[in-house]
Amino acid sequence: MITTEQVLQALSNVIDPDLHKDLVSLQMIEDIHVDGEKVSFTLVLTTPACPLRTQLERDAREAVMTQTGAKEVNIKTISRTPGAKPLSLGDNQFGHVIAVGSGKGGVGKSTVASNLAISLAQQGANVGLMDADIYGPNIPRMLGIDEFHPASKDGQKIQPAIAHGIKVVSIGFFVQEGQPLIWRGPLLHSAIQQFLSDFDWGCLDYLVVDLPPGTGDVQLSLAQSLPISGAVLVTTPQAVAVDDAYRATSMFEKLGVPVLGIIENMAFLELPDGSRMTLFGEGGGKALAERSGVPFLGSIPFDQQIVQNGDRGLLIVENHAESPAAQAIHTISRKVAAELSKQAYARVQGE
Ligand SMILES: Nc1ncnc2c1ncn2[C@@H]1O[C@H](COP(=O)(O)OP(=O)(O)OP(=O)(O)O)[C@@H](O)[C@H]1O
Ligand SMILES: [Mg+2]
């Protein structure tokens, strides 16, 4: 007869590669049932977009089979962010708010923010994207929703656009094309608060926020208006972009916002002969990550499809999912999800 203790014992030998602890100490195992040689339990993942899901399930199943002699192992996998209190605003809940920032303009922030959001959704998470770039809200065009007009179905909450499997709200929905926004300080703060509370976001695992470039007052008040769980910074490998990104890293650190890592975009162009042309220099992103003591999340190559997509409302993670650039974005989104669950776990440990 297999006992619950034997199952727990077997699962305490399975290590989560991100958190470096076993599934039992991480309290990831619940509801163990044993019926003869059949074992079932719930595996509670720490992130909804868990890149390790298949591996953890396989390792857990194998451990229980080999160590208890069970013939059948049924695993129900759910996700719950450990100890993180999701931010609740009315009926809206935000598991994690990820800000995408950069020191310099034009380095690919909006491209990264939108593809990152969609990649997280493709991995099974509920995702929202908020375009907070008051200088140049590009998200509506990039996602092909520039004709969208937000409205309320019930006279209460406003419906976000739904595009490419995610919910989207842009500051661009509220301004006329070509008219610059002059929102500052308190006005900007209340606009952002309304974006979070007045739209029908529902329960989101991740809200990705596209910030305007730079580290001026506007960026500062935006970063302070948002309950950011972590920021990712986009840079090109070029020295001037890297210097500006370093300032952005410092800004977030001063605000107490953890920097989840650095993303290097337009890192190289692959030539037909397979060689790499480094248009903006080499290694800037990695060097910045080392200098600021934050993880390097990866390099996205230059890809002409991204340029063409940008104007047509298409996203590379969808329409060229096999391309090296899309693959790089997937790898980055998995690392971002992993960094967030590591942080949430560390917070629980510290409490
Ligand atoms: N990896 C890439 N390969 C090719 N083109 C890219 C890549 N990343 C971004 N681009 C292109 O570079 C331009 C700038 O990108 P994007 O708008 O995402 O930058 P941004 O940092 O959000 O700019 P801004 O500071 O104006 O908000 C766009 O035309 C986009 O299509
Ligand atoms: Mg942008």
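Colleague: What makes S3 and S4 a pair?

Modeller: The cut-off is at least two bridges between two strands. S3 and strand S4 (residues 38-45) have 5 bridges, so they count as paired. The sense is antiparallel. One example is Asp35, which stands opposite Lys38 in S4. Keep in mind that this is a predicted model.

Colleague: Which order do the strands of that sheet take?

Modeller: The order is S3-S4-S5, 3 strands in an open sheet with mixed pairing.

Colleague: Why are S3 and S5 said to stand at the edges?

Modeller: Strand S3 (29-35) and strand S5 (72-79) each have a single partner strand. One side of each is therefore left without a neighbour in the sheet. On average, neighbouring strands here are turned by 15 degrees against each other, direction ignored.

Colleague: Which helix touches S3 and S4?

Modeller: Helix H1 (residues 4-11) packs on the sheet there, and its direction makes about 130 degrees with that of S3. Helix H2 (residues 53-68) lies across S4 and S5. H2 runs at about 145 degrees to S5.

Colleague: Now Gln27. Why is Gln27 called partly exposed?

Modeller: Count the other C-beta atoms within 10 Å: Gln27 has 14. Buried needs 20 or more, and exposed needs 12 or fewer. The count of 14 falls in between, so Gln27 is partly exposed. Gln27 lies in the loop between strand S2 (21-22) and S3. Its phi is positive, about 55 degrees, although Gln27 is not a glycine.

Colleague: And His164, buried or exposed?

Modeller: Buried. His164 has 23 C-beta neighbours inside 10 Å. The cut-off is 20 or more, so His164 passes. His164 also has a positive phi of about 55 degrees without being a glycine. Its place is in the loop between S9 and S10.

Colleague: What do S9 and S10 form?

Modeller: They form a hairpin, with 2 residues between them and His164 in the turn. Strand S9 (residues 161-163) is joined to S10 by 3 bridges, and the two run antiparallel. At least two bridges are needed, so they pair. Ala161 stands opposite Val168 in S10.

Colleague: Which domains does the chain have?

Modeller: The assignment gives domain 1 (4-79) and domain 2 (87-350). Their C-alpha centres lie 34 Å apart.

Colleague: How do you know that the domains are in contact?

Modeller: Contact needs C-beta atoms within 7 Å. By that test, 8 residues of domain 1 are in contact with 14 residues of domain 2. The side of domain 1 that touches domain 2 has 5 nonpolar, 2 polar and 1 charged residues.

Colleague: Last, which residues come nearest to ligand 1?

Modeller: Gly105, Gly108, Lys109, Ser110 and Thr111, out of 21 residues around ligand 1. The shell divides into 8 nonpolar, 10 polar and 3 charged. Helix H3 (109-122) and helix H9 (304-310) each supply at least two of its residues.

Technical notes
Residues are numbered from 1 along each chain as its sequence is written. Chains are lettered from A and ligands numbered from 1 in the order in which they are written. This is a predicted model: local features need pLDDT of at least 70, side-chain atom pairs count only at pLDDT 80 or more; totals for chains, interfaces and linings use all residues. A residue is near a molecule or strand if its C-beta atom, placed from the backbone, lies within 6 Å of it. Helices (H or I, at least four residues) and strands (E, at least two) are DSSP runs, numbered from the N terminus. Ala, Val, Leu, Ile, Met, Phe, Trp, Tyr, Cys and Pro count as nonpolar, Asp, Glu, Lys and Arg as charged, and the others, Gly among them, as polar. Domain bounds come from an automatic or database domain assignment. Two residues are in contact if their C-beta atoms, placed from the backbone, lie within 7 Å. Axes are lines fitted to C-alpha atoms, for helices over the stretch in contact, and angles run from 0 to 180 degrees between N-to-C directions.
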